[in-house]
Amino acid sequence: MKQSLFFIPTLKEAPKDAEVKSHRLLSRAGLVKPAAAGIYSYLPLGQRVMRRIERIVREEHDKRGCSELLMPALQPRDLWDESGRWSDYGPELMRLKDRKERDFCLGPTHEEVITAIVRDHLDSYKKLPLALYQIQTKYRDELRPRFGLMRGREFVMKDLYTFSENEEDLDFWYETMKEAYTVIFERMGLETRIVSSDTGQIGGDVAHEFMVMSEVGEDTIAYCTECSYASNQDFSGLETGDACPECGGRSETAKGIEVGNIFKLGTKYSESMNARFTGRDGKRHPAQMGCYGIGISRTLMAAVEQHSDEESILWPKEIRPFDIHILPLADEHVEKAEALTKELGSSYEVLMDDRSERPGVKFKDADLIGIPYRVVLGRSLEEGKVEFVDRYRGEKELIPIQGLREHLENVID
Ligand code: ATP
Ligand code: MG
């Protein structure tokens, strides 16, 4: 891929409202561009990383028996009246009218729509379980949209809904998805902590959040220094020094970014919206539901936050937009760089900086963009050599151009 065609509008300066590092980098590296507060375009590089994130999410859902569908963002008021949420939701719900003055909203989440889809098909327990998900744009008129993709008014979410005939089956899906989420975030190279977000008074585990530990997170996590207990402080109220409710050990607190959330809904929507089935006992029962979200766009931001310094990103393996960045330092090196791009392109995703820019500009942009492996074509080309940079290991070496392919095969992970 030629960089001149790929549209990566890097910036020298971050926008003034960019208070956190990842927000500055998302703007400066040309990944996103704001249209209004909390509303963003995903530029080609940002979109490419989003696709990688989505691919991991799809793979880990599909292999566990979940099916992907796509529901409308525009939702009629009637469904929200049925669940009672048209009046309960408050000003975060983006409401609008069509030309006939009928009320609609832009979906902040999709329990109503999915329940209406499933109920018409549910006659007997034989139709259960169901696990349906989508990756879609969500709308919430957040009071304080901020920190770039972290708290948007329009953002991309994966939402999964499960329907079960009883609580045991709901528990099974809940545990399955807890494990899936752990794998998903690990594959993305994100260090997360599973945090319980219920008081425990209802009994059993009702909700968990997946947190990326980070100073810039908006949530506070209370965790035990002696056992694996961790909770959202909003729910547990634990302060530093308090006794752990599980082992009595000392609690500490730290900031986190919530990237995922799993929740046992039980029969809240299936009762209000009448999603019932005839059970094995011949009686009618409301389906037991679970919902499971991942903030896809927020995860992109969290990944940048965790894998960067102020001047550069270093993408983790499975979400990197390209494998290799080829930098011809002068126009006379571009022809060779094009041949190399073609040759390596059969095995790797390659970006080649064919722009007529000074070497300093190319290096600065390359650092910002964050591709982990770099091949530099400069003066040493006269001796038949190129510089190979492995940014994961922080190593550079001169490699004879004939031996480059073999070298890459040994080094690139
Ligand atoms: P928060 O407490 O951060 O507002 P939430 O509890 O409202 O999150 P959910 O409704 O569970 O979030 O949504 C699922 C996931 O969607 C969250 O875990 C988060 O990653 C993401 N998300 C929620 N709100 C936003 C937003 N305004 N911008 C970007 N991502 C969001
Ligand atoms: Mg919220």
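The following legends describe close-up views of a predicted model.

**Figure 1. The largest pocket and the residues around its centre.** The largest pocket of the predicted model has a volume of about 940 Å³. Its lining is made up of 38 residues. Those that lie nearest the centre of the pocket are Arg140, Met157, Glu209, Glu258 and Asn261. Sorted by class, the lining residues of this pocket comprise 16 nonpolar, eight polar and 14 charged residues.

**Figure 2. Helices and strands that line the largest pocket.** Which element gives the most to the lining of the largest pocket? Strand β13 does, with six residues. This strand spans residues 251-266. The elements that each supply at least two residues of the lining include the strands β8 (154-164), β10 (207-213) and β16 (288-295). The helices α9 (268-272) and α10 (296-306) also each supply at least two residues.

**Figure 3. The surroundings of ligand 1.** Ligand 1 is surrounded by 14 residues. The closest of them are Arg140, Glu142, Arg151, Glu258 and Asn261. Arg140, Glu258 and Asn261 are also among the residues that lie nearest the centre of the largest pocket.

**Figure 4. Polar side-chain atoms beside oxygen atoms of ligand 1.** Arg151 places a polar side-chain atom 2.8 Å from an oxygen atom of ligand 1. For Asn261, a polar side-chain atom likewise lies 2.8 Å from an oxygen atom of the ligand. In Arg298, the distance from a polar side-chain atom to an oxygen atom of ligand 1 is 3.0 Å.

**Figure 5. The largest cavity and its lining.** The count of cavities of 30 Å³ or more comes to one. About 40 Å³ of space lies in the largest cavity. Its lining consists of Met150, Arg151, Gly217, Glu218, Asp219, Ile257, Glu258 and Arg298. By class, these lining residues divide into two nonpolar, one polar and five charged.

**Figure 6. Cys66 and Cys291, two cysteines without a disulfide.** A disulfide is a covalent bond between the sulfur atoms of two cysteines. A search of the whole structure finds zero disulfides. Cys66 is in no disulfide, and the nearest cysteine sulfur, that of Cys291, is 13 Å away. Cys66 counts as buried because its relative accessibility is 5%. Cys291 is buried as well, with a relative accessible area of 14%.

Key. Residues are numbered from 1 along each chain as its sequence is written. Chains are lettered from A and ligands numbered from 1 in the order in which they are written. This is a predicted model: local features need pLDDT of at least 70, side-chain atom pairs count only at pLDDT 80 or more; totals for chains, interfaces and linings use all residues. Side-chain values use heavy atoms; hydrogens and water are left out. On a 1 Å grid over the protein atoms alone, a cavity is a set of points where a 1.4 Å probe fits but cannot get out, and a pocket is an open set with protein on both sides within 12 Å along at least five of seven lines; lining residues have an atom within 4 Å of a point. Grid points are joined across faces, edges and corners, and a volume is the space filled by probe spheres set on the points. Helices (H or I, at least four residues) and strands (E, at least two) are DSSP runs, numbered from the N terminus. Ala, Val, Leu, Ile, Met, Phe, Trp, Tyr, Cys and Pro count as nonpolar, Asp, Glu, Lys and Arg as charged, and the others, Gly among them, as polar. A disulfide is a pair of cysteine sulfur atoms within 2.5 Å. Buried means under 20% relative accessible area, exposed over 50%, partly exposed in between (1.4 Å probe, protein chains only). A residue is near a molecule or strand if one of its heavy atoms lies within 4 Å of it. A polar contact is a pair of N or O atoms within 3.5 Å; within protein, one must be able to donate a hydrogen and the other to accept it, and residues adjacent in sequence count only if both atoms are side-chain atoms.
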